[in-house]
Amino acid sequence: MDLIIRGGTVVTPRESYEADVRITEGRISAVGRDLAAKGCETYDASGCKLFPGFIDAHTHLDMDTGATLTADDFVSGTRAAAAGGTTMLLDFATQDRGGTLCDALDVWHGKADGKSSCDYGFHMAITDWNEMVSRELDEMARQGVTSFKCYLAYDNLRISDGQLYEILKRVGQLHGIVGVHCENGDLVNEMIAENRRAGNLSTEYHPLSRPDFVEAEAIARYCYIAKAAGVPVNIVHLSTRMGLEEALRARARGQKVYIESCPQYFAFDDNVYSLPEFAGAKYVCSPPVRKPYDQRALWDALAKGEIDTVSTDHCSFNWKGQKELGREDFSKIPNGLPGIEHRPAVMYTLGVAAGRMTENQMAAMLSENTARLFGMYPRKGVIAPGADADIVVWDPTCCWTITAADMEQKVDYTPYEGMRMQGKAKAVFLRGQLVAAGGKVLMERKGVYVPRGESEYF
């Protein structure tokens with residue numbers, strides 16, 4: 001039986017308009033005013049916004065750091081995603097040094113298949129580049145993996161500039177996209193070592209060991225390497241004004257530069273690292289939370305449309321027992337924040353409700369732009385006939401408070417604890433199925449793997 005979501009306001013990047021949405025066999029079959037409802041089930045969305053299902057293109061679920069394992073796996077992480085309105089995520093399958101991309105993809109399918117409560121796909125993180133791996137890229141594309149990640153920091157993950165140049169050219173042949181973690185790894189290593197030698201071991205020294213210029217330098221270097229390779233640039237988790245300036249310089253040179261940032265860089269500043277009783281460890285992530293002027297620059301860039309996507313970099317570690325590994329040495333604190341459940345509400349509250357961005361910009365940055373960049377549009381990211389019926393019925397009047405005691409994330413804290421929110425996912429439809437309502441999961445493990453095509457360079 002068809003379902004009609006009636007009386008809501010459809011939100012797109014270009015406009016908002018009142019319309020009904022008909023769903024047939026998991027897909028949107030019609031969008032329009034006063035659709036005939038005879039023989040259909042109906043859902044009353046009066047007074048609510050209808051957003052395309054939100055897409056989180058930057059998660060780390062069931063990830064082994066070598067020292068510990070993330071608190072959230074694909075069971076808990078995707079339940080949390082669905083509860084908050086995220087209907088699709090892209091996690092990072094990561095090649096082992098000496099291993100193959102195909103082996104890594106098989107491992108991540110084993111982590112996710114049959115366990116996910118939202119739809120999912122994978123980026124492939126390349127850590128060991130050689131001719132055999134280059135040939136594997138064709139197989140990755142055949143299996144629906146058309147986006148890749150490289151690191152310019154972390155000794156166990158990073159590649160050389162020359163390897164990055166080769167990877168960019170090779171991925172460009174597939175019309176894919178490469179996202180890069182932009183920090184100067186050598187400088188980070190040296191600054192951590194300097195602080196440790198000086199006995200500077202508290203959480204306050206985490207951001208000081210990764211200052212803004214280590215991000216800016218790596219962004220500039222990445223952009224120039226990509227210019228030489230003749231391909232677009234995707235910068236992940238941008239956090240600084242200085243890094244933004246380098247990205248905008250590259251755009252001014254005529255390069256295609258896509259910028260992702262994350263809610264934590266809009267919500268917090270580096271004063272959190274001075275919280276007493278080791279609470280600053282809850283905010284240790286890389287890049288770190290930055291200065292107030294960086295936060296202001298990011299909000300300004302977002303309002304101007306200079307930031308393309310907002311994802312979470314969800315990488316959750318319990319404060320007790322995991323973050324505590326670095327109680328005596330900040331460099332041993334597992335890096336990462338939880339956020340997969342609360343991203344839509346945080347960005348709506350701090351952005352739309354606060355007048356810093358429009359609901360249309362939110363639809364772009366949390367849905368459509370992400371779908372386009374990562375090769376899943378128009379199946380995902382849009383409310384239009386033929387698309388998957390991934391729809392978030394958003395109540396803009398709902399006021400509530402984030403608390404770890406009432407969330408699906410399995411991690412033992414949320415950095416947004418006690419924050420008052422305006423707006424919430426009243427109902428979440430995944431391919432036409434009502435999987436969550438009012439922040440509670442109604443149906444779990446309904447997610448499927450979504451193979452993706454070529455990147456759309458918008």
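**Note on the predicted model**

1. Helix 4 spans residues 161–173, 13 residues in total, and covers 19 Å from first to last C-alpha, close to the 18 Å expected at 1.5 Å a residue. That expected span is 1.5 Å times one less than the number of residues. Helices (H or I, at least four residues) and strands (E, at least two) are DSSP runs numbered from the N terminus.

2. This is a predicted model, in which local features need pLDDT of at least 70 and side-chain atom pairs count only at pLDDT 80 or more, while totals for chains, interfaces and linings use all residues. Residues are numbered from 1 along each chain as its sequence is written, and side-chain values use heavy atoms, with hydrogens and water left out.

3. The buried residues of helix 4 are L164, I167, L168, R170 and V171. Buried here means under 20% relative accessible area, exposed over 50%, and partly exposed in between (1.4 Å probe, protein chains only). Their cover includes helix 3 (131–142), strand 9 (147–151), strand 10 (177–181) and helix 7 (212–229), with contact taken as heavy atoms within 4.5 Å. Just after helix 4, H175 has a positive phi of about 55°.

4. Two further positive phi values deserve a check. D62, not a glycine, has phi of about 50°; D62 sits in the loop between strand 6 (54–59) and helix 1 (74–84) and counts as buried at 18% relative accessibility. Y154, in the loop between strand 9 and helix 4, has phi near 70° and is partly exposed at 27%.

5. The bond from S286 to P287 has omega near 0°, and P287 lies in the loop between helix 9 (263–267) and helix 10 (292–303). The bond joining Y377 and P378 has omega of about 10°; P378 is in the loop between helix 12 (359–373) and strand 14 (391–401).

6. The whole structure holds zero disulfides, a disulfide being a pair of cysteine sulfur atoms within 2.5 Å. The sulfur of C118 is 17 Å from the closest cysteine sulfur, in C315, which is too far for a bond. For C223 the closest is in C182, at 7.2 Å, again too far. C118 is buried at 1% relative accessible area, and C223 is buried at 0%.

7. The salt bridge count is 33, where a salt bridge is a side-chain nitrogen of Lys or Arg within 4 Å of a carboxyl oxygen of Asp or Glu. R27 and D388 form one at 3.4 Å, N to O. This pair links distant parts of the chain, 361 residues apart: R27 is in strand 3 (residues 27–32) and D388 in the loop between helix 12 and strand 14. R27 is partly exposed at 38%, whereas D388 is buried at 3%. R27 and D388 also belong to a salt-bridge network with D119, R379, K380, D390 and R431.

8. E408 and R79 form another salt bridge, at 3.0 Å, N to O. E408 lies in the loop between strand 14 and strand 15 (420–430) and R79 in helix 1, so the pair ties together parts 329 residues apart in sequence. Both E408 and R79 are buried.

9. Within helix 7, R221 and E217 are four residues apart, about one helical turn, and their side chains meet in a salt bridge at 2.9 Å, N to O. E217 is partly exposed at 31% relative accessibility.
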